[in-house]
Amino acid sequence: MTQLLSMGVFNQVTMYDYQAMCKPPNHHHSAAQPLTSPIPAFLTATRWLLNELLLFLLEWSAWGTWHADSGAEAKTVFHHSHKHKKQDMLQPCDTEYPVFVHQTAIQEANGIIDCGACQKMFVMQQIPKSNLLLLVTDSTCDCSIFPPVLQEATEVKYNASVKCDRMRSQKLRRRPDSCHAFHPEENAQDCGGTSAISASLPLLLLPLCAWALLPQLLW
């Protein structure tokens, strides 16, 4: 893919997702900060006591008396769900990710990639009347020395002024001006053939006959 990008077969375009969800940044505070006030320590102790009380009630509930191992299971499930809930906390954000657009002017390409111990040959050709590309390459040559081309989304960081300007300039979604539901080389007669299917009379009478003969068979 890196070779095709350098040859101009594909063009990299940056796309933005304005409705993404990201993990909030982790703020690491110093250990001495909570000591300046007794309120955080009191809240931490209260939260710990409530958690222990809830675990105690789960272990000694009526359901736990009938199942000896249920208390430990409930405790494990509680800790797992509490930890999972903390890890799944997300907040709205904007992300950007790369998209690769094929340049239709280049319908054929070939080349050789030097992978150190071997050379990988490849041939690329566009399949006529489609948006598919046929790529033939040598699978025995290992080219893992080159980094992969990733499409992972990364969060976009804005300052206050840029974020306000972007929200003001964000346009509302609207319908396209024209419809592209067909292709000039497509035969429309091949579509919609299910309307010519008719119901079979024997198949319609089969459930009625089975319903009428069922009492006689049971007797």
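A strand here is a DSSP run of type E with at least two residues, and strands are numbered from the N terminus. With that in hand, welcome to this predicted model. The protein has six helices and six strands, and along the sequence they follow the pattern α-β-α-α-α-β-β-β-β-β-α-α. Of its 219 residues, 13% count as buried.

**A proline in strand S2**

- Strand S2 spans residues 91–102, and Pro98 is found in it.
- Pro98 has a relative accessible area of 13%, and it counts as buried because that value is under the 20% cut-off.
- Pro98 and Ala153 are 55 residues apart along the chain, yet their C-alpha atoms are separated by 7.8 Å.

**The sheet of S3, S4 and S5**

- If you look for a sheet, you will find three strands forming an open one, in the order S3-S4-S5 and with antiparallel pairing.
- Strand S3 (108–114) and strand S5 (133–137) each have a single partner strand, so they stand at the edges, and one side of each is left without a neighbour in the sheet.
- From one strand to the next, the twist averages 15°.
- Strand S4 covers residues 119–126 and runs antiparallel to S5, with five bridges joining the two.

**The largest pocket**

- The largest pocket has a volume of about 350 Å³.
- The pocket is lined by 13 residues, and the closest to its centre are Met1, Thr2, Gln3, Ile113 and Lys120.
- Helix H1 (2–6) and the strands S4 and S5 each supply at least two residues of this lining.
- Which element gives the largest share of the lining? That share comes from H1, with three residues.

**The salt bridge**

- Side chains of opposite charge can pair when their charged atoms come close.
- The structure holds one salt bridge, and you can find it between Lys157 and Glu155.
- The closest N and O atoms of Lys157 and Glu155 are 3.4 Å apart, and the pair counts as a salt bridge because the cut-off is within 4 Å.
- Lys157 has a relative accessible area of 62%, and it is classed as exposed because that value is over 50%.
- Glu155 has a relative accessible area of 31% and is partly exposed.

**The aromatic pair**

- The structure holds one aromatic pair.
- Its members are Tyr16 and Tyr18, whose rings lie 6.2 Å apart from centre to centre with 10° between the planes.
- This pair counts as stacked, because planes under 30 degrees apart are given that name.
- How accessible are the two partners, Tyr16 and Tyr18? Tyr16 is partly exposed, with a relative accessible area of 40%, and Tyr18 is also partly exposed, at 39% relative accessibility.

Conventions
Residues are numbered from 1 along each chain as its sequence is written. This is a predicted model: local features need pLDDT of at least 70, side-chain atom pairs count only at pLDDT 80 or more; totals for chains, interfaces and linings use all residues. Side-chain values use heavy atoms; hydrogens and water are left out. A salt bridge is a side-chain nitrogen of Lys or Arg within 4 Å of a carboxyl oxygen of Asp or Glu. Buried means under 20% relative accessible area, exposed over 50%, partly exposed in between (1.4 Å probe, protein chains only). Two strands pair if DSSP finds at least two bridges between them. Helices (H or I, at least four residues) and strands (E, at least two) are DSSP runs, numbered from the N terminus. Axes are lines fitted to C-alpha atoms, for helices over the stretch in contact, and angles run from 0 to 180 degrees between N-to-C directions. Rings of Phe, Tyr and Trp (its six-membered ring) pair if their centres lie within 6.5 Å; planes under 30 degrees apart count as stacked, over 60 as edge-to-face and the rest as tilted. On a 1 Å grid over the protein atoms alone, a cavity is a set of points where a 1.4 Å probe fits but cannot get out, and a pocket is an open set with protein on both sides within 12 Å along at least five of seven lines; lining residues have an atom within 4 Å of a point. Grid points are joined across faces, edges and corners, and a volume is the space filled by probe spheres set on the points.
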